[in-house]
Amino acid sequence: MKPSDELLSIEKVTIHYETEDGIVHALNEISLTMKKGETLGLVGETGAGKTTLAKGILRLIPSPPGVIKQGRILFEGTDLLSLNENQMRAIRGNSISMIFQDPMTSLNPVMPVGDQIMEVVEAHTKNASKEEMYQQACDMLEMVGIPADRSHEYPHQFSGGMKQRVIIAIALACNPTLLIADEPTTALDVTIQAQVLDMITALKSRLNTAMLLITHDLGVVAQNCDRVAIMYAGQVIELGTLQDIFKRPQHPYTKGLLGSIPSLTKNVRRLSPIKGLMPDPTDLPPGCAFAPRCQYASDVCTRGVPAIYTLSDTHQVRCVLAEQEVNHE
Amino acid sequence: MKLPVVKKQRTLATETWRRFKKNKLALTGMIVLSSLVLIALSTIVIDLATDNAVYNNYVIKQNLRMRLQGPSKDHIFGLDEFGRDIFMRMIWAVRYSLFMGTIAIALSTIAGGLLGAIAGYYGKVTDNAIMRFMDVLLAIPSMLLATAIVAALGTSLTNVLIAIAISYVPTFARTVRASVLTIKDQEFIEAARAMGASDSRIIFKYILPNSMAPLIVQATLGVAGAILSIAGLSFLGLGIQPPTPEWGSMLSSARAYIREGWHITVIPGLGIMITILALNVMGDGLRDALDPRLKN
Amino acid sequence: MGKYILRRLVMMIPVLFGVTFIVFFIMSLTPGDPAAIILGDQASGEALALKRIELGLDKPLLVRYATYMGNLLRGDLGLSYRNQIPVAGQVWDKFPNTAMLAVAGIIVALIIGIPVGILSAKKQYTFMDNSSMVLSLVGVSMPNFWLGLLLSLLFALKLGWLPSQGMGQGFFPLLRSLVLPALTLGTGVAATVVRMTRSSMLEVIRQDYIATARAKGITEKQVTNKHMLKNALIPIVTAVGLQFGHLLGGAMLTETIFSWPGLGRLMVDSITSKDIPMVLGSVIFMAVMFSFVNLLVDILYAFLDPRIKSQYGGPAKRRKGVVA
Amino acid sequence: MKKMLTLLLVLLCSTVLFAGGATESTKSAVTGYKDTITIGQGADVTSFDPHIGKETPAVAVTNHIFDTLVDTDPVTGDIVPQIAEKWEVVSPVSYRFFIRKGLTFHNGEELKADDVKFSLDRAIASASVSYIVDFIKEVKIEDDYTVLVTTKAPYGPTLSNLAVPFAAIVPKDYVSANPDILKTKPIGSGPYKFVSWAQSDNARLEAFDAYYKGAPQTKNLVVKVIPEAAQRTIALETGELDISYDILVSDLKRVKENKNLQLFEAPSLTCFYISFNMRKAPFDNQKVRQAINMAIDRQLLVDTVNSGTGAPADEIIAPAVFGYYSTGVWEYSPAKAKALLAEAGYPNGFECTLWVNNNQTRVEMCQAIQEMLREIGITVKVEVMEFGTFISRSTAGEHDMGYFGWVTSTKDADYTYYSLEHSSQQGAPGNRSFIADAEVDRLVMLGKTSADLAVRVQAYKDLALTLKKIANNAPIIYTAITAGANKKVEGFILDPIGYHRLETVKVSK
Amino acid sequence: MNDTIKRPLLRVEHLKKYFHTNKGTLHAVDDVSFSIHKGETLGVVGESGCGKSTLGRTILRLHEPTDGKIFFEDQEVTGLDAHAMKALRRDMQIIFQDPFASLNPRMTVSETIGESLLIQKLFTRKQGVELRKRVTELMDFVGLSAKLVNSYPHELDGGRRQRIGIARVLALDPKFVVCDEPVSALDVSIQAQILNLMQDLQDELGLTYLFITHDLSVVKHLSNNIVVMYLGQMVEMAPSLVLFEKPLHPYTQALLSAIPVPDPDYAVDRVLLQGELTSPINPQPGCRFAKRCPYASEACTKHDIPLKEVAPGHFVACTLV
């Protein structure tokens, strides 16, 4: 990968929540890179640390209790973790923006949507009049398929899918180079999900924005992403292209996930789920966090955190089983 | 089949307590209140054991010639307008000040809670009838209602209690109704109905236990309000009757001497203040502990 | 909206009817003879009997109530037992004074309550939170009449800044004389406002739209003022509306302490002298005032919350906050 | 937002504190005296109609608006002319009054005999004040300036009763046109004219320049209502008030010692006493009643609860009242009291109640008495009740003991003795000890009906001695009447009843 | 046809459930008819607000039906009095969507499971030991560790909570269970565990399911027959395999095409719909999907479109077929 291509590089970031119940190990030395314009799918189950990563990039982790323990987040060469609050604010909503999960609650209910879009424009535009900025907000609304004359309406006057469009308009208003979409369609019905995802994909390629698409839905990933990262217990355990992950999954967890989904295309009488439950993030097991649920686990797995094995240019996995695979080749 | 022996898991109460005790302010409030309860109980025991001798010889014993004397070695809080020992009166007053408020609020919590639960659960006509009646009571300022009731029934401990209790009923009814309305539509209520549970079982086993949290908080704060209301009634001459020591009436009757000596109003005033502060911070602590959503 | 207001006004009628009923019966069932109170302890038995007939006290209770209600419907609140002057005029005279005091009290409560509540919420569980909470609670923890006396000792007697009692004539004297009673009355409510603001802010802080706002890159101040506060205000408004009732009750004491010529004092006097028409008259006015404030709250609510505004036609759904 | 609030607050505070610094009263430029006197009292005027509003706070105001036929000198207690410039006793049952010529009401109408007749008839018909004038059989107009008052029977205190402000003379034409007018727009012939009344706040009066004694010294009177006694003293100290009536006993010392203030203090005509319900055991027992009388340390009560003002009472009428005879204050001796109780059959005492209405000083007195009785073994429960309840329940004879106060408004013993001691007056009229004693009745009637002063004096002396023996009441204290005033106040004279007249008062700047 | 041989366990005829709201009458369930045979699963799919949950609850009379009839084992459920209904509740049960909201937070696991037994008087309070034994059996049956008996719901994860919900239902040994989105709130791996459990239970106990979900892949996996609902009405009903192979209603087609398939090589022609589902308040006659339907004609909005049986067991309500 050429350095110039690299947009975002997350290096060994660790984030803890220090709560009364103990320290929640949300992210454990996670590393990940993204290229300009690409769409990376980030997949994991509840508690895997997906949202923490998204908020961590924008430094929106509530503190207390959240603490960024270590690591670097390089965005276009700058370490976001070293910026002061003012510099960080200049980036938020401008070069990195974010779409949140629940469109029903992500808009301020007492502010007209036009104003909510204008607010982000206002925060990042200098030398423009109010009228110009409002016009820009209206343009954005049109772009996501909402008539501009609805800009004076309040969120409750819109349906869920429309609200998510407004949120997308907010996110894209300043032409960000990176869009973080945290489960943007989970709360929507499938037909609406299809509409919204199509629109995001279209706009993103038009604006050449890179997208970190966080989801638990492998189907959404398969239809929308270039590459996939699978997260488990605060770490990326497998990373690869769509073909790598869906056709040649290496990590037992990835395999388990794929086996858990009832298939539309094949007829399977019984699903083959992963046994057990996600580990308690305040009390992670030693070594590979997945080991207690893994049918292939051996003593080696509990001794230390497995290393990352590179299977191909694009495919990496964090599992001792891969070692044999690599050696085999 | 052998039944497994299991250890008791954390109940919601212990969970709440665990969260509650992290809040030092609320904990302090609780300690203050517990000590007050202890004091009250011990004075009751002393009275029973000594056949009121201590009460007669120290609490209501007057010494008019030494009235209004400031704090001294013999009387650490000084003497009141009748030359009675303020310290002893403060101690003996705890049971009236604290328990009267508590009993009054307990009564109105039960009455208001039930009314609110019934109104919220059955809705429609029942709800309308009960809540319009509550609106009527609410439209009369509570202090006024209490005053009118005491004026009507005559000033006695029980009547003050009843008056305060009645004047707080609508508040509790509203609180419980509001939380019943949110709980009523939850799936676990439907689950109970799907199993064939009766209305009373649903109200008592499902709805009321789950609406306890706001009720407990409201009751804690209500006790504080009730103590103040009793003091207010004393100010209007309708509170606890002499020579029974009660902070509100002590403060109220001492107010004529407010400039004679600082101790005479400040001490009962502080007593009330500390108790109410304690109730308030404890109430807030409970609210936070019972409602984990409020935590970041 | 107009239809809604009209309906609310109509709904007030049964409430007021209930209020008169309850108060009339409480007051009438009390022992104590209004005639004796009017004539004092040196009146002759004959005079008492005459007075009782004059007041209609010889008739059965229900008849008296019916008569009273009949007159009330014609807008006649009757004559005061004590001074034989029409109640309506007396109550009407005092009404603005109490309203003024109550509004000033609310303003004091808001001025203290909202900033402290915001501060306390934003610094949850810090020393700042605890100390501002305790400070704001000091006001509510002191019996109203004691606080009033202390304030008047300090500001009127010791410092000589403000009048100790009475209602000033003219704008500035009026304002000056309003300060101490309003402070006394307002601090009692301030704690509730603080608490409500705090919990409401904490509720709002957790909302997704706050995260959205932060992700836009706007300043924290903008987030607080434009996003948090306006949303947090909604339950506060309700709480303040309900507090108005407590405030009116508190006015009974405050008005007595500061010789403020208001309804509260009129009511205390009438209750103790068993001046039933006067008690009823003033209670009706207070109940009307309370109901109006709550109607106002509902209307204000609609302005604060567009979700409710669009709902008009149907009854406004109010979020019932925990009211302390 | 926060900034705005702060700004608003600061602005508000500063304007409030500094802008309105000037005091309310306007100052006269010519003389060295203020043109307004501000007076504070504890309660409001109930009614400006003198035939209705008979409470002291009402009379203290209406007293300036209305005059009576004759007046009582506040210092000597003598009956002096007022509307009637002179009078003659025609017979034991008839008095002729000669009305001063040229007297006018505030509306300019002349005061004539028909006004007097109208007023007295009106007072007799009034449920509120009738008892003061109902001894009158008829008022006859002899000419425009002469009236003849005939009484139902010989009545000793006729003149004293006619001097009571409830016997005020009001303008006939003005009142006939609207019988309710005086309640809110009073017009009389007194030294001050009514200006305005803000209920439960203040009443304003203005000097009546055509007053027969000449215009009052100060142009305006403002009577403010300040119910909280402590606040009244504070207002006096801060200069908000020139004169404050009824200083709280605990504040007397403070007023006395304040170099800017002066304290007026005089014996009142009020006696506070405990009435024993003689219909109930054990109060039907004379020894019990005497024992209680002996168990009360009256001097201590005066010194402490009453802060040294007033005096221990030996009778239910005050020394300043005509007919007073000192029988000597009951000896304070718990030992003897206990012995008497034992004799009466109560060696271990008993339990009973003492009723009192909700007035702080009265309640305090009762609490102190409660303690004194506890020492001789009587367990007293003090029950504080609201005034109406207190009166009606004690009228019905439900009480054991009641703590009452009685003002001899006429300054004549008959007023009190007849109401409180005569067997025909049981219950509502005032006899709440329910005494029915032939000898007492005889002496009361003798004093009432005789016009011979010597006979009356003797009758009241005998009565006092008899009553002391019966001990149906326990007289506790004669209170003092007090007022505090700024040092700049000149010419203020206390009225022993509390009907202070202010036409002679002026306040230097 | 099967009907002649064995009678259906549950038969629903022209069921309607309307709600009165401030804005008008909400036709949550509008003229729905179907039947389910013993041991089979009927899937009901549709987007949020289509009335599928209301349908489930109305069948159990948790909502009183506005119109129509429900027969359970040939007994008419709709007319039963409270007493008979309570008895019937042993046979007809429901598993809820939200495992966090459907358990009383103040009751422990064993209390929750035992509650159904106590309510239906299968056990009395005095039989504490027997009751506990039965509860432990049930917990074991649904795969809950016995050491959790005294746990409170808030201490458990979604999967375990849903197992409690299932055990509570099994306690009564019902014949028919409405499953109202039982796995939607769960993570995929847990979802698979629960789905497997439900299948096992059906096999072992011969349960009959009415399976309500918005997830088409889940419904396909489980159901024998599928009903597709749109704004309170049935638009299509067919055996599972038939529906997926040959969807006839434009809405069904759109719904199927919108599902993201977790296979990067799978390409579909998306039928992208315009607009969104609204709520059926005071609906106009005609096809409720017409506004969003790419093939809509005037005929669609003139009058209500009846269900037509286009093939054995395959019903569609559309003017195109």
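How much accessible surface does chain B have, and what share of that surface belongs to carbon and sulfur atoms? In this predicted model, the accessible surface of chain B comes to about 10,900 Å², and carbon and sulfur atoms account for 67% of that area. The C-alpha trace of the chain spans about 75 × 50 × 40 Å along its principal axes, and 63% of its 296 residues count as buried. Chain B has 12 helices and 0 strands, so that its pattern, read along the sequence, is α-α-α-α-α-α-α-α-α-α-α-α. Among the contacts in chain B between residues at least 6 apart in sequence, 70% join residues at least 24 apart.

Within this chain, helix α4, which covers residues 86–122 of chain B, meets helix α9(B), and the two axes come within 11 Å and cross at roughly 115 degrees. Because of that angle, α4(B) is roughly perpendicular to α9(B), and α4(B) passes α9(B) in a right-handed crossing. On the side of α4(B), the contact is made by B:Gly113, B:Leu114, B:Ala117, B:Tyr121 and B:Tyr122, while α9(B) contributes B:Asp199, B:Ile202, B:Ile203, B:Phe204, B:Ile207 and B:Leu208. By class, the residues of this contact divide into 9 nonpolar, 1 polar and 1 charged.

Helix α9(B) also takes part in a contact with another chain. The axis of α9(B), residues 199–210, and the axis of helix α4 of chain E, residues 109–119, come within 14 Å and cross at roughly 165 degrees. An angle over 145 degrees counts as roughly antiparallel, and α9(B) and α4(E) are therefore roughly antiparallel to each other. The crossing of α9(B) and α4(E) is right-handed. Here the contact is made by B:Arg201, B:Lys205 and B:Tyr206 of α9(B), together with E:Glu115, E:Leu118 and E:Ile119 of α4(E). The contact of α9(B) with α4(E) has 3 nonpolar, no polar and 3 charged residues, whereas the contact of α4(B) with α9(B) has 9 nonpolar, 1 polar and 1 charged.

Some details of the backbone remain to be considered. Most residues other than glycine have a negative phi, and most peptide bonds are trans. In chain D, the peptide bond from D:Ala281 to D:Pro282 is cis, with omega near 0 degrees, and D:Pro282 is placed in the loop between β12 (261–276) and α10 (286–295) of that chain. In chain A, the phi of A:Asn208 is near 55 degrees, a positive value in a residue other than glycine. A:Asn208 lies in the loop between α6 (190–207) and β8 (210–215) of chain A, and because its relative accessible area is 53%, A:Asn208 counts as exposed. A positive phi is also found for E:His14, a residue other than glycine, with a value near 50 degrees; E:His14 lies in strand β1 of chain E, which covers residues 10–21.

Notes. Residues numbered from 1 in each chain as written. Chains lettered and ligands numbered in written order. Predicted model: local features only at pLDDT ≥ 70, side-chain atom pairs only at ≥ 80, totals over all residues. Heavy atoms only, no water. Axes fitted to C-alpha atoms, helices over the stretch in contact; angles between N-to-C directions. Helix = DSSP H or I, 4+ residues; strand = E, 2+ residues; numbered from the N terminus. Parallel < 35°, antiparallel > 145°, perpendicular 65-115°, else oblique. Left-handed = near helix turned anticlockwise from the far one by under 90°. Contact = heavy atoms within 4.5 Å. Nonpolar A, V, L, I, M, F, W, Y, C, P; charged D, E, K, R; others polar. Buried < 20%, exposed > 50% of the residue type's maximum accessible area, 1.4 Å probe, protein only. Areas by Shrake-Rupley, 256 points an atom, 1.4 Å probe, with all protein chains shown as cover.
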